[in-house]
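Hi,

Here is the structure I promised to pass on.

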Amino acid sequence: MSIEQGVLYVVATPLGNLGDLSPRAQETLAQVALIAAEDTRHSARLLHHFGIKTPLIALHEHNERERSAELIARLKAGDALALISDAGTPLISDPGYTLVRAAHAERLRVCPIPGPCALIAALSASGLPSDRFVFEGFLPARATARRTHLATLQHETRTLIFYEAPHRLQDSLSDLCAVFGTERQAVLARELTKIFETVRNDSLQGLCDFVHADPQQQKGECVILVHGAPVPLASEHDSETLLRALLTELPVKQAVRLAAAISGVKKNDLYELALRLHTRHNL
Ligand code: SAM
């Protein structure tokens, strides 16, 4: 493979297991003119392991604006550059957004070199519904703000995914229990791809007890995933109101079919209700 000049490559790096740096990522990192990295000392160890000698430049949340201008000038001059973060996919709770946006504003090509990402790795092994999900990033660090934020997510029906720091894991699990209920199914995915990897699927209370009982589980990097809230079915009262409204305009069969599609209530139940309404109120 040979890289293209003037392209910004966004390269995913391992979460822990160095075997996860793809051959394409290795070739890209070896061939670009410069690699922008969150922590150059940390990334130098990764590059050294693979015998890659490309120079590194720091790009982190405190210098991203000025650094981006410099890097965009290099891209426009024809250099190929790579962006990496300490672990996983850049921009996913990591720096890079300002640079990628600036590259698009200049109509420069941005090319992803996909690979590890903690939220996707955790979801793929979680056993929770993976067809629709919401990534919430890190929860607020302060307890009141955390609980207030969680309350806004209480009725979210998609699988919820949070990144969490190990020293806040127990407090966050307790707050999840308090807001979502102790019986909601959840998963703790810890130290993914590393020696002490854990993927534990349990109730929220079960996870609280599990972490509390084992100090090992209170360390390392972790992702918390929570089953979405049950999809609300229309109440009997709601479906009756809906059916009444439809029956004023439509024949019984059509009204029932529409009401069932909208409310999720069984057609037979609605049919009986429709007949009752029809005879009782002459609808
Ligand atoms: N960009 C990264 C990605 O693609 O996943 C995420 C960076 S974010 C600053 C770091 C957070 O990702 C950690 O606090 C943890 O929640 C999660 N994380 C990173 N590595 C992990 C691992 N090996 N196992 C579990 N979670 C991990």
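Let's start with a helix pair: α3 passes α4 in a right-handed crossing (right-handed if the near helix is turned clockwise from the far one by less than a right angle, left-handed if anticlockwise). Before I go on, this is a predicted model, where local features need pLDDT of at least 70 and side-chain atom pairs count only at pLDDT 80 or more, while totals for chains, interfaces and linings use all residues. Residues are numbered from 1 along each chain as its sequence is written, and side-chain values use heavy atoms, with hydrogens and water left out.

Back to that pair. The axes of α3 and helix α4 (residues 97-105) come within 9 Å and cross at roughly 35°. Axes here are lines fitted to C-alpha atoms, for helices over the stretch in contact, with angles from 0 to 180 degrees between N-to-C directions. Helices (H or I, at least four residues) and strands (E, at least two) are DSSP runs, numbered from the N terminus. On the α3 side the contact (heavy atoms within 4.5 Å) is made by Glu64, Arg65, Ser68, Leu71 and Ile72, and on the α4 side by Tyr97, Thr98, Leu99, Ala102 and Ala103. They divide into six nonpolar, two polar and two charged residues. For those classes, Ala, Val, Leu, Ile, Met, Phe, Trp, Tyr, Cys and Pro count as nonpolar, Asp, Glu, Lys and Arg as charged, and the others, Gly among them, as polar.

At 13% relative accessibility, Asn63 counts as buried (under 20% relative accessible area; exposed is over 50% and partly exposed in between, with a 1.4 Å probe and protein chains only). Its side chain reaches the backbone oxygen of Ala58 at 3.1 Å.

α7 passes α8 in a left-handed crossing. Among the residues making the contact are Leu169, Leu173 and Phe180 of α7 and Leu204, Leu207 and Val211 of α8. By class, this contact of α7 with α8 has nine nonpolar, four polar and no charged residues.

- Thr13 is in the loop between β1 (7-11) and α1 (23-31) and, at 1% relative accessibility, counts as buried. The side chain of Thr13 reaches the backbone oxygen of Ser85 at 3.5 Å.
- Gln185 lies in strand β8 and is partly exposed, with a relative accessible area of 31%. A polar contact of 3.0 Å joins the side chains of Gln185 and Asn201 (a pair of N or O atoms within 3.5 Å; within protein, one must be able to donate a hydrogen and the other to accept it, and residues adjacent in sequence count only if both atoms are side-chain atoms).
- Leu91, in the loop between β4 (81-84) and α4, has a positive phi near 75°.
- Thr193, in the loop between β8 (185-190) and β9 (198-203), has a positive phi of about 70°.

Cheers
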